[in-house]
Protein chains: 2
Amino acid sequence: MSTNGEQNIVKGNKEYAASFTQGHLALPPSQNYAVVTCMDARIDPTSAFGIPLGAAHVIRNAGASARDAFRSIVISQQLLGTTEVLLVKHTGCGMLTFDNDTAKGLVKKNKGEAAAKEVEDLDFLTFPDLEAEVKSDVEWLRGRAVEEGINFTGWIYEVETGKARQVV
Amino acid sequence: MSTNGEQNIVKGNKEYAASFTQGHLALPPSQNYAVVTCMDARIDPTSAFGIPLGAAHVIRNAGASARDAFRSIVISQQLLGTTEVLLVKHTGCGMLTFDNDTAKGLVKKNKGEAAAKEVEDLDFLTFPDLEAEVKSDVEWLRGRAVEEGINFTGWIYEVETGKARQVV
């Protein structure tokens with residue numbers, strides 16, 4: 001029996017491919033920017049942030065962490081020529097609700113010692129204050145030598161209203 | 001003067017928020033799965049992989065690397081209850097076109113010594129064979145103790161045709 005994800009991709013992709021006309025798009029983003037946002041299921045960056053297909057890299061991880069995204073950001077700029085990064089965190093983020101100790105305790109309790117060992121050195125990169133974390137992440141990126149000349153902005157997306165606003 | 005990304009998010013979000021009706025969606029993904037795919041500008045996971053809003057976490061990084069996504073995958077499962085991961089890499093991926101030495105050489109040449117130092121220990125996680133890398137990433141995830149009980153599948157999305165096919 002196929003799962004939810006398998007069913008969705010098989011059915012959804014069949015429809016998508018049937019009317020697909022964008023096979024000519026080039027590898028480098030046509031509008032030379034990257035968006036870093038959260039993996040949260042309630043965010044659809046294409047629609048919510050107005051990104052045309054082929055225009056921008058979209059990097060997503062738990063919490064829209066700049067540090068976690070660093071490898072991808074450097075590749076986006078140094079190998080594929082982007083010059084702008086929008087960092088978008090959001091209200092109701094799961095990363096506001098736990099900390100390293102909670103996460104590691106859960107792994108140990110639910111999955112055992114071997115699993116606990118695998119995440120022992122992992123920093124889950126949680127944060128207690130949304131707006132402060134947007135600013136702090138943007139500042140961290142602006143402080144990297146490899147990021148010199150890149151335009152950074154920081155945003156908050158509200159999952160309750162669908163609205164995005166600039167913070168920095 | 002605002003940039004491409006800023007113009008897109010301001011204009012696109014205004015339209016999106018004006019007709020937004022999904023403010024009731026819960027934090028945990030309603031269909032209990034996560035998709036890991038590449039940051040590539042030519043991929044729109046929502047449409048191409050048939051993901052309803054609120055249904056699945058979407059994790060994206062350069063190359064759809066499982067190791068890079070590990071923190072987010074663990075959070076998705078241990079904190080937010082997902083039980084399935086679709087790993088989707090794609091044809092024409094930038095990660096097939098360079099290696100660590102090339103990337104580090106470019107950073108040094110374009111941004112100088114301080115920048116080179118910042119990426120000196122970074123593994124850019126490039127790969128030479130697309131299908132082999134999908135299999136290898138899925139195997140790596142299946143081998144983690146913390147991933148016991150999770151359903152993994154591996155896919156290739158063709159940027160030329162819009163079609164996705166299952167590899168493993």
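This is a predicted model: local features need pLDDT of at least 70, side-chain atom pairs count only at pLDDT 80 or more; totals for chains, interfaces and linings use all residues.
Are Phe70(B) and Trp140(B) buried or exposed? Both are buried.

I'll start with the interface. Chain A contributes 89 residues to the contact, and chain B contributes 89 residues. Between them the two chains bury about 7,200 Å², with 60% of that on carbon and sulfur atoms. On the chain A side, the residues losing the most area to chain B are Ile9(A), Met39(A) and Arg71(A), and together these account for 11% of what that side buries.

The rule finds two salt bridges across the interface of chain A and chain B. One of them joins Arg71(A) to Asp68(B), with 2.7 Å between the closest N and O atoms.

Which element gives the most to the side of chain A that touches chain B? That is helix 1 of chain A, residues 4-18, with 10 residues. Sorted by class, this side of chain A holds 46 nonpolar, 28 polar and 15 charged residues.

Now the aromatics. Searching the whole structure, over all chains, gives eight aromatic pairs. I will show two of them. In chain A, Phe98(A) and Phe124(A) pair edge-to-face, at 6.5 Å centre to centre and with 70° between the planes. Phe98(A) sits in the loop between strand 3 (84-90) and helix 4 (100-111), and Phe124(A) in the loop between helix 5 (113-118) and helix 6 (130-142), so the pair ties together parts of chain A that are 26 residues apart in sequence. Phe98(A) and Phe124(A) are both buried.

That brings me back to chain B. Phe70(B) and Trp140(B) also form an edge-to-face pair, with a centre-to-centre distance of 5.4 Å and 75° between the planes. Here the pair links distant parts of the chain: Phe70(B) belongs to helix 3, residues 70-78, and Trp140(B) to helix 6, residues 130-142, which puts them 70 residues apart.

Last, one residue from a loop. Asp121(B) is found between helix 5 (113-118) and helix 6 of chain B. Its relative accessible area is 73%, so Asp121(B) counts as exposed, the cut-off being over 50%. From Asp121(B) to Lys104(B), 17 residues away along the chain, the C-alpha separation is 9.8 Å.

That is what I have for today.

Methods:
Residues are numbered from 1 along each chain as its sequence is written. Chains are lettered from A and ligands numbered from 1 in the order in which they are written. Side-chain values use heavy atoms; hydrogens and water are left out. Rings of Phe, Tyr and Trp (its six-membered ring) pair if their centres lie within 6.5 Å; planes under 30 degrees apart count as stacked, over 60 as edge-to-face and the rest as tilted. Helices (H or I, at least four residues) and strands (E, at least two) are DSSP runs, numbered from the N terminus. Buried means under 20% relative accessible area, exposed over 50%, partly exposed in between (1.4 Å probe, protein chains only). Contact means heavy atoms within 4.5 Å. Buried area is the accessible area (1.4 Å probe) that two parts lose on being put together, summed over both. A salt bridge is a side-chain nitrogen of Lys or Arg within 4 Å of a carboxyl oxygen of Asp or Glu. Ala, Val, Leu, Ile, Met, Phe, Trp, Tyr, Cys and Pro count as nonpolar, Asp, Glu, Lys and Arg as charged, and the others, Gly among them, as polar.
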